[in-house]
Amino acid sequence: MKPNTSKNMLKRLLILAVAIVFLLCTNVTRVFYLQVVRGEELSQKADSQQMKDTEISAMRGTIYDAEGNVLAQSATVWNVYIDPLAIDLEITDDDTEQQAASKREKSEKRRNLIVDKFSELFKYDEKEKKELLEKTKEENHYVIVEKRVENNIKEKISEFISENNLNCIGMEQTSKRYYPYGTLASSVIGFTGADDQGLNGIEAYYDEELTGTNGRVITAKDAVSNDILNDYETSVEATDGNSVVLTINQTIQYYLEKGLRETLEEYQPKGAYGIVMNCNTGAVLAMASLPDYNCNDPYALTYSKDKKEIKKIKNKEKKKEAESAAVQNQWRNFNINDTYVPGSVFKTFIASAALEENVATLNTTYTCTGGIKVDKYMMKCHYHPGHGTETFQQGLENSCNPFFITIGQKLGVHNYFKYFDAFGFTKTTGIDLPGEAQPQYYPEDQYGIVELSSASFGQTNSLTPIQVCTGLCAIANGGKLVQPYLVSSIIDSEGKTVKKTETKVLRQVISSETSATVRQMMKGVVDNGTGKNGYVAGYSVGGKTGTSTKLGESKAGEGDKYIISFAAIAPTDKPEIAMIVIVDEPNQDLGGGAICAPIAAEVIKESMGVLGIEPKYDDEEMKTLSNYAPNVVGKSIEDAKEEIGQYKLDYKIIGNGDEVIRQCPTSAGTIPNDGTIYLYTDNTKKKMTKVPDFTGLTVSEAKSLAGTNNLNIEISGNNMNSGSVVAFRQSDEKGTSVEQGTVITVTFKSTESVLD
């Protein structure tokens, strides 16, 4: 072999070796890059192509009221998704141009078929149809089209898939939150977001308990993304969340909200709020903060006043801001999230402290001249002429500011603050709701004579309503401060109780003797003082009215703005409930006795029935009671007259027969003691009459009008027959056509108003 030939051969071999080494290095580098650098990413992609991982949503726990009624519940719904890559029919290299064109045409028809059907089911407009059409063209195996689809729509989609053999549409199970009563207790219950997370109220506070653990189903897929048989499927079952049982009583909650809502519409205040507690345990029986919202649609405005004011705004940005602020406001639970100056309701705590420290007795007297000088300030009584000489009992009944200023000064700063702290007013209550506000108060070392005097009649310091109501419980229950709570028990998905709330007594604030004395003083406020509208026949009610001026919140030219309130305990001889009702900035200068006390009276009346507490009527109340009407149907006229006379009732005979064949009211209904029974003696057509408007009439005027219209009237509420006591509510609306003899319940209240 020639030398040049040999050299050329070596060169070629060297070049070949270099090329082989380069290729090997390139492959090794590529393998390293794919397996190490991008290994995890590519592994996940491979898994996503080979495996289908479906999450199974766990059901969120149910929220029950104290009687087992469902207040919040999750139900199965469906997320609908499409696989855009499976919509197009596969075009292979073996397909002719004509076959490929046919497949493209069929794919486009499938795409349009899906868009048309979904548009029909979900009422899409043209813009939404175009958006869905674009989704069907995405390079993706999984695109959500609709979330939380109800079962009736899911069934129609399943039928559509089956009829058209569309494996490109799928549905996965999830859940949706439902609130059967909508607005009932919404400020307590709260609501959930799109991801089923609690966003407010109990839903937020107990979110971890209510939230379950999702399950999974992992399924292998073939080359064209179809699921392989069950041998390749792995599943982990979902675990539903725990359920919670509230202390809320649905009936008491209903009547509290009813009274607050009527007040909201009549007096157009900024808000109306209330709490009812079992004073012995701390369980919250009812809590409402209005304006509220519908838990099923929490972003919708509910308060007509807000809607009207927002409608007047022309600027779009400002309108949007106002709507957002109004929605945020209706989510706030004023009872927990805000503080207010309690006003004269606070005098019950000053009275408790004074009696406990023996700086005053029921025989202590003071002469009110309409004001008292404190340092360089004149602090006035709400009754400017002055109450004259009054006892401690009368001082509370009259809500006399100068009297309580002197009581506070006798207590002194140290004792005042000792009880302020003991009643729980220096820290939050720890109630199981989110966002409890901190009280705003002067610490002990910052009190001077002016601050002490002002604080003694309920000004200066700001507390949350739940603090005030919890303090009232201590006055009612013998002096024990109990911690308020809303969840009585937690139940797991199998129905087993995993946690039960026990009554927690924090401390003894006052003696049982002082508690009993202050309860009797509060009873005097309802019997003789500013709280007469808190009266409930058959039950001894203790109460205290309150007014606080919202200093610095009025604009130039406006009058002072007020928060008015009424605190109540019942029955005073053996208390079961304590409550506070608050109305923020009503549009009339009326006190808590005129606006808040009637709400409390109605709630107490219903609460006593729910709690099984029998009424104890005195002789005067017995005279006004209603009784079941005697049954005289089938009796002769003479026998019917005699029996009705025994009940001290009147009668009217309709028809010319000799025997009673029908009566109104029937024996199944009640009739007031001085009522009239209408007796039909033949088949004469029912005698009808229109219900008149009793609003604003005194008791005697209402009785007279009822008689004129052949109706019976049952008196509810404040039944004092005086010019200041007038009707404000009736069971049947004016203009309603009813049978003659029908009993109409008319509720009365005193219009005497004290901004105390």
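Me: Helix α22 (residues 637-646) runs at about what angle to β23?

Reply: This is a predicted model, in which local features need pLDDT of at least 70 and side-chain atom pairs count only at pLDDT 80 or more, while totals for chains, interfaces and linings use all residues. Residues are numbered from 1 along each chain as its sequence is written, and side-chain values use heavy atoms, with hydrogens and water left out. Helices (DSSP runs of H or I, at least four residues) and strands (DSSP runs of E, at least two) are numbered from the N terminus; axes are lines fitted to C-alpha atoms, for helices over the stretch in contact, and angles run from 0 to 180 degrees between N-to-C directions. Helix α22 lies across β23 and β26, with contact meaning heavy atoms within 4.5 Å, and its direction relative to β23 is about 160°.

Me: In what order do the 3 strands of the open sheet with β23 stand?

Reply: Two strands pair if DSSP finds at least two bridges between them. The edge strands are β23 (650-654) and β24 (662-664), each pairing on one side only, and neighbouring strands are turned by 25° against each other on average, direction ignored. The pairing in this open sheet is mixed, and the order is β23-β26-β24.

Me: Which residue in β26 is the bridge partner of Tyr 651?

Reply: β23 and β26 (residues 676-680) run parallel and are joined by 5 bridges. Tyr 651 has as its bridge partner in β26 the residue Ile 677.

Me: Which residue in β31 stands opposite Gln 730?

Reply: β29 and β31 (residues 743-750) are antiparallel and share 5 bridges. In β31, the residue opposite Gln 730 is Val 746.

Me: How are α10 and α20 oriented to each other, and why?

Reply: Helix α10 (residues 250-267) packs with helix α20 (residues 592-610) at about 165°, their axes being 9 Å apart. Angles under 35 degrees count as roughly parallel, over 145 as roughly antiparallel, 65 to 115 as roughly perpendicular and the rest as oblique. The two helices α10 and α20 are therefore roughly antiparallel.

Me: How many residues of each class form the contact of α10 with α20?

Reply: Residues of α10 that meet α20 include Ile 252, Tyr 255 and Leu 256, and their counterparts in α20 include Ile 595, Ile 599 and Glu 602. Ala, Val, Leu, Ile, Met, Phe, Trp, Tyr, Cys and Pro count as nonpolar, Asp, Glu, Lys and Arg as charged, and the others, Gly among them, as polar. The contact therefore divides into 9 nonpolar, 4 polar and 2 charged.

Me: How many charged residues has the contact of α11 with α12?

Reply: Helix α11 (residues 304-311) and helix α12 (residues 316-331) pack at about 170°, with axes 10 Å apart, and that makes α11 roughly antiparallel to α12. Asp 306, Ile 310 and Lys 311 in α11 meet Lys 319, Ala 322, Glu 323 and Ala 326 in α12. The contact has 3 nonpolar and no polar residues, and its charged residues number 4.

Me: Which residue in the hairpin of β12 and β13 takes a positive phi?

Reply: Strands β12 (residues 371-374) and β13 (residues 377-380) run antiparallel and are joined by 4 bridges, with Ile 372 opposite Met 379. The hairpin has 2 residues between the strands, and the positive phi, near 55°, belongs to Asp 375.

Me: Asp 88 meets which residue in a salt bridge?

Reply: The structure holds 30 salt bridges, each a side-chain nitrogen of Lys or Arg within 4 Å of a carboxyl oxygen of Asp or Glu. Asp 88 is in the loop between α3 (84-87) and α4 (97-122), and its partner, 23 residues apart, is in helix α4. At 2.8 Å, N to O, the partner of Asp 88 is Arg 111.
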